[in-house]
Amino acid sequence: MISDDDIQIIHHLKIELHAKILAHNYQIPEVHAVADIIGDSLELALAARTTDAEILVVCGVSFMAETAKILNPEKRVFIPVPDAGCPLAEYLTPDIIAKYQQKYPEAAVVVYVNSSSACKAATDIVCTSGNALRIIRSLPHTTIIFGPDTNLAGYVREQVPDKEIIAIPANGHCYVHQQFTSDDIRTAREMGGMILAHPECPEHIRHNADIVASTGKMIQIITETDEPVWHIFTEEGMAKRLQALFPNKKFYSNKNAICRDMHKTTASDIIRSLQNLQGEIILDEESTRSARRALERMLKAS
Ligand code: SF4
């Protein structure tokens with residue numbers, strides 16, 4: 001639980017530095033308590049693009065802070081815990097992309113935002129879980145090389161059957177979403193209510209959920225649906241965020257579905273980052289330019 005003193009310190013530092021705090025939906029409640037913008041990867045990327053702040057503090061994992069920096073080269077971007085990474089992003093490398101481009105020269109390369117800036121620089125266009133279907137449908141290509149999440153690739157394949165989706169590499173996945181089991185679904189069904197699953201979940205979870213949606217879309221669906229009980233199949237921090245947003249509804253989640261890296265950031269880390277200007281994102285200009293092009297294509301098509 002964050003103290004009133006810490007809230008005040010962060011409030012004054014933000015004013016003094018003309019800074020804004022962007023936090024992912026999976027962050028812990030004390031980070032959400034001081035954030036200016038809370039959202040999924042797409043919402044954070046859009047917010048980073050439109051804010052007039054001089055300093056952005058991105059509370060999430062490293063690819064999110066890098067994305068904010070790529071889209072805002074003139075701003076100073078900080079990540080309070082620099083070693084907060086995304087294990088899913090590590091499955092893909094530019095070498096793997098190049099290998100598949102050689103094999104399928106007619107294909108478009110679409111890389112999930114959960115990837116390194118070097119991979120984004122090697123791709124035609126980036127997508128998030130919130131806009132993946134729209135992005136893939138918008139492309140004239142019938143063959144799409146897609147990485148690094150095989151579950152999201154499978155979801156896209158199901159929803160856009162007229163295109164061939166080649167998942168690269170063959171084993172890329174998020175360990176948080178991969179661990180959900182048929183027992184979790186059975187328990188949720190016995191309790192009643194609606195089951196909402198993230199597209200990073202494996203096929204057997206997606207197929208047995210009522211709705212598959214990104215975290216941003218989940219909020220919209222719950223807002224528009226008159227259902228009091230929800231089972232949330234994504235990172236556990238999302239259920240906490242939903243409970244705070246909708247106190248009259250009840251949200252259940254698997255308590256083991258915790259992203260260790262997403263939960264690293266605390267209010268103390270934010271204070272340290274703002275006070276000492278620690279954890280600045282510095283990127284190579286050359287790769288930044290190509291990665292920005294791929295991200296801007298995504299924002300245009302979103
Ligand atoms: S929840 Fe999964 S995809 Fe999201 S940051 Fe953590 S490891 Fe990466």
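How many bridges join β9 to strand β10 (residues 211–212)? Two bridges join them, and the strands run parallel; strands count as paired if DSSP finds at least two bridges between them. This is a predicted model, in which local features need pLDDT of at least 70 and side-chain atom pairs count only at pLDDT 80 or more, while totals for chains, interfaces and linings use all residues. Residues are numbered from 1 along each chain as its sequence is written. Helices (H or I, at least four residues) and strands (E, at least two) are DSSP runs, numbered from the N terminus.

**Open sheet and its helices**

- Four strands form an open sheet with parallel pairing, in the order β2-β1-β3-β4.
- β2 (37–39) and β4 (76–78) are the edge strands, each pairing on one side only.
- From one strand to the next the twist averages 20 degrees; angles run from 0 to 180 degrees between N-to-C directions, and axes are lines fitted to C-alpha atoms, for helices over the stretch in contact.
- Three bridges pair strand β3 (residues 55–59) with β4 in the parallel sense, and valine 57 stands opposite phenylalanine 78 in β4.
- Helix α4 packs on the sheet and touches β1, β3 and β4, its direction making about 155 degrees with that of β3; residues are in contact if their C-beta atoms, placed from the backbone, lie within 7 Å.
- Helix α1 (residues 4–17) lies across β1 (19–24) and β3, running at about 125 degrees to β1.

**Packing of α3 with α4**

- Helix α3 (residues 41–50) and helix α4 (residues 62–71) pack at an angle of about 35 degrees, and their axes are 9 Å apart.
- Their crossing is right-handed, meaning that the near helix is turned clockwise from the far one by less than a right angle.
- On the α3 side the contact holds Ser41, Leu44, Ala45, Ala48 and Arg49, which meet Met64, Thr67, Ala68 and Leu71 in α4.
- By class, this contact has six nonpolar, two polar and one charged residues; Ala, Val, Leu, Ile, Met, Phe, Trp, Tyr, Cys and Pro count as nonpolar, Asp, Glu, Lys and Arg as charged, and the others, Gly among them, as polar.

**Strands β9, β10 and β11**

- Strand β9 (residues 194–197) runs parallel to strand β11 (residues 229–233), joined by four bridges.
- Methionine 194 stands opposite tryptophan 230 in β11, and alanine 197 stands opposite valine 212 in β10.
- From β9 the chain crosses through helix α11 (residues 203–208) to β10 in a right-handed β-α-β crossover; that is, with the strands pointing away from the viewer, the path from the first strand over the helix to the second runs clockwise.

**Ligand shell**

- Around the ligand are Val61, Cys86, Pro87, Leu88, Asn114, Cys174, Val176, Glu235, Cys259, Asp261 and Met262; a residue qualifies if its C-beta atom, placed from the backbone, lies within 6 Å.
- The shell divides into eight nonpolar, one polar and two charged residues.

**Backbone exceptions**

- Glycine 147 and proline 148 are joined by a cis peptide bond with omega of about 0 degrees; proline 148 is in the loop between β7 (143–147) and α8 (150–159).
- A cis peptide bond also runs from isoleucine 168 to proline 169, with omega near -15 degrees, and proline 169 is in the loop between β8 (164–167) and α9 (175–178).
- Histidine 18 is not a glycine but has a positive phi of about 55 degrees; histidine 18 is found in the loop between α1 and β1.

How values were computed:
Two residues are in contact if their C-beta atoms, placed from the backbone, lie within 7 Å.
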